[in-house]
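Thanks, everyone. I'll take you through one model this morning. Have a look at it first.

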Amino acid sequence: MLELAGKVALVTGGSRGIGAAIVKRLARDGADVALTYVSAAEKGRAVVAEVEAAGRRGLAIASDSADAAQVVRAVEQTVAELGRIDILVNNAGIAVMGPLDAITLEDVDRTLAIHVRASFLAAQAAARYMGAGGRIISIGSCLADRVPGPGITLYSMSKTALVGLTKGLARDLGPRGITANLVQPGPIDTDMNPANGAGADEQRSQLAVGKYGTGDDIAATVAHLAGEGGRFITGATIAVDGGFAA
């Protein structure tokens, strides 16, 4: 029997990159999976097709995590169409980087809305429907613990906030049998941060293993936390970063 059979997951930002890898892994492990996307509708449908090919139900939801109402609505739509929600993966993110003086108020507001406010609101909404065994997993960044150079202050600040969110959720929801954990990826080969992109060699030099990870590396840890193996892990920050923080 598949470990996540009978479970329903929602992965925000699940149409590409790390999010898509998580969606497909959870489906392979037996979960029905909803994903959100902002503009990549075609990619979202393609990921859903892979979920369905694995014999599970899939759902693509147009939802901008910068819009508070849309965040909550995505959770509600997941429950309405797939019948429940057992696993929430807060994955949607953006990367606004550059000189401190070049960061605008709009940049600050949008980054914090997507990384922090949306993660809180989605967890709050999902927790209303979760029973014992529920899982809330957020995707942070290795840049929350260590800032190796200039130009990433806003991004690092926003991802650091997820540490407090995770610890607080663990305390609030632990008595109900719901866990909350944070996965901190290092450099992962995606379209947002390709292994052959500008600055990739510098990022590789920071890694103990000397190479980028893949979305599947992050998905494997998420799947472990979502399954039975994660039942006694909560409030934890888990680095999947190729030794970036070593």
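**A buried serine, a sheet and its helices**

Let's start with one residue. Leaving aside residues up to four places away in sequence, Ser 63 touches Thr 36, Tyr 37, Val 38, Gln 70, Val 71 and Ala 74. Keep in mind that this is a predicted model. Where does Ser 63 sit? In the loop between strand E3, 58-62, and helix H3, 68-82. Buried or exposed? Its relative accessibility is 4%, so Ser 63 counts as buried.

Now the sheet. It is open, with 7 strands, and the order is E3-E2-E1-E4-E5-E6-E7. The pairing is parallel. E3 and E7 are the edge strands; each has a single partner, so one side of each has no neighbour in the sheet. From one strand to the next, the twist averages 20°.

H3 packs on this sheet. It touches E1, E2 and E3, and its direction makes about 155° with that of E3. H7 packs on the sheet too, touching E4, E5, E6 and E7. Its direction makes about 160° with that of E5.

Next, strand E4. Ile 87 and Val 89 point one way, Leu 88 and Asn 90 the other, and all are buried. On one pairing, E1, residues 8-11, runs parallel to E4, joined by 3 bridges. Ala 9 has Ile 87 as its bridge partner. Val 11 has Val 89. E4 also pairs with E5, in the parallel sense, over 4 bridges. There, Leu 88 stands opposite Ile 136. And the connection? E4, helix H4 and E5 make a right-handed β-α-β unit, with H4 covering residues 105-127.

H4 brings us back to H3. At what angle do H3 and H4 pack? About 35°, with the axes 9 Å apart. The crossing is right-handed. From H3, the residues are Ala 68, Val 71, Val 72 and Val 75. They meet Arg 117, Ala 118, Leu 121, Ala 122, Ala 125 and Ala 126 in H4. Note Val 71: it is also one of the residues that Ser 63 touches.

Last, H7, residues 215-226. A quick length check. At 1.5 Å a residue, its 12 residues should span 16 Å; the end C-alpha atoms are 16 Å apart, which agrees. Which H7 residues are buried? Gly 215, Ile 218, Ala 219, Thr 221, Val 222, Ala 223, Leu 225 and Ala 226. These buried residues pack against helix H1 and strands E4, E5, E6 and E7.

That's the tour. Over to you.

Terms used
Residues numbered from 1 in each chain as written. Predicted model: local features only at pLDDT ≥ 70, side-chain atom pairs only at ≥ 80, totals over all residues. Heavy atoms only, no water. Helix = DSSP H or I, 4+ residues; strand = E, 2+ residues; numbered from the N terminus. Expected span 1.5 Å × (residues − 1). Buried < 20%, exposed > 50% of the residue type's maximum accessible area, 1.4 Å probe, protein only. Contact = heavy atoms within 4.5 Å. Pairing = 2+ DSSP bridges. Right-handed = clockwise from strand over helix to strand, strands pointing away. Axes fitted to C-alpha atoms, helices over the stretch in contact; angles between N-to-C directions. Left-handed = near helix turned anticlockwise from the far one by under 90°.
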